[in-house]
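The following note sets out numbered comments on the structure shown here. Please read each point against the coordinates.

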Amino acid sequence: AGPDKTGSEAFYPATGYRRHSTGALTCVGTHGYAWSSSSFTAGHHHAGNLYFLSGSVYPLNGSNRAYGFAVRCVRN
């Protein structure tokens, strides 16, 4: 079965990320990251993102904006 298309669930593949210092792809297949439209916290220099790995989800993580995380389009 594929991802649920009804809107009741979301599918986020474990795409890993692109390391800002070397450009290397890291954690592909084990970790997932997606930028948030919200900042990490008010006035903080890190951007908000969703981070997950097997068995754990961190819905508001903060990371340097130079990392290459996925961007998930959302329709209003």
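1. Buried residues account for 21% of the 76 residues in the protein chain; buried denotes under 20% relative accessible area, exposed over 50%, and partly exposed the range in between (1.4 Å probe, protein chains only). The accessible surface of the protein chain amounts to about 5,500 Å², and carbon and sulfur atoms contribute 54% of that surface.

2. The model is predicted: local features require pLDDT of at least 70, side-chain atom pairs count only at pLDDT 80 or more, and totals for chains, interfaces and linings use all residues. Residues are numbered from 1 along each chain as its sequence is written, and side-chain values use heavy atoms, with hydrogens and water left out.

3. Helices (H or I, at least four residues) and strands (E, at least two) are DSSP runs numbered from the N terminus. Of the contacts in the protein chain between residues at least 6 apart in sequence, 26% link residues at least 24 apart, where contact means heavy atoms within 4.5 Å.

4. Strand β4 (residues 47-53) has 6 of its 7 residues buried, so it is largely enclosed by the rest of the structure. β3 and β4 run antiparallel and are joined by 6 bridges; two strands are taken to pair if DSSP finds at least two bridges between them. In this pairing, G32 stands opposite F52 of β4.

5. β4 also pairs with strand β5 (residues 56-63), in the antiparallel sense and over 6 bridges. N49 is placed opposite N61 in β5. The hairpin of β4 and β5 has 2 residues between the strands, and G55 adopts a positive phi near 85 degrees there.

6. The side chains of S63 and N49 are joined by a polar contact of 3.0 Å. A polar contact is a pair of N or O atoms within 3.5 Å; within protein, one must be able to donate a hydrogen and the other to accept it, and residues adjacent in sequence count only if both atoms are side-chain atoms. Apart from its neighbours within four places in sequence, S63 is in contact with W35, H46, A47, N49 and F69.

7. T26 belongs to strand β2 (residues 25-26) and is buried, with a relative accessible area of 15%. A polar atom of the T26 side chain lies 3.5 Å from the backbone oxygen of A24. Beyond neighbours within four places in sequence, T26 is in contact with G16, Y17 and R19. The C-alpha atoms of T26 and T15 are 8.7 Å apart, with the two residues 11 apart in sequence.

8. C27 deserves a separate comment. C27 sits in the loop between β2 and β3 (31-39) and counts as partly exposed, at 27% relative accessibility. The phi of C27 is near 65 degrees, a positive value in a residue other than glycine. Most residues other than glycine have a negative phi.

Key
Accessible areas come from the Shrake-Rupley method with a 1.4 Å probe; for residues, only the protein chains shown count as cover.
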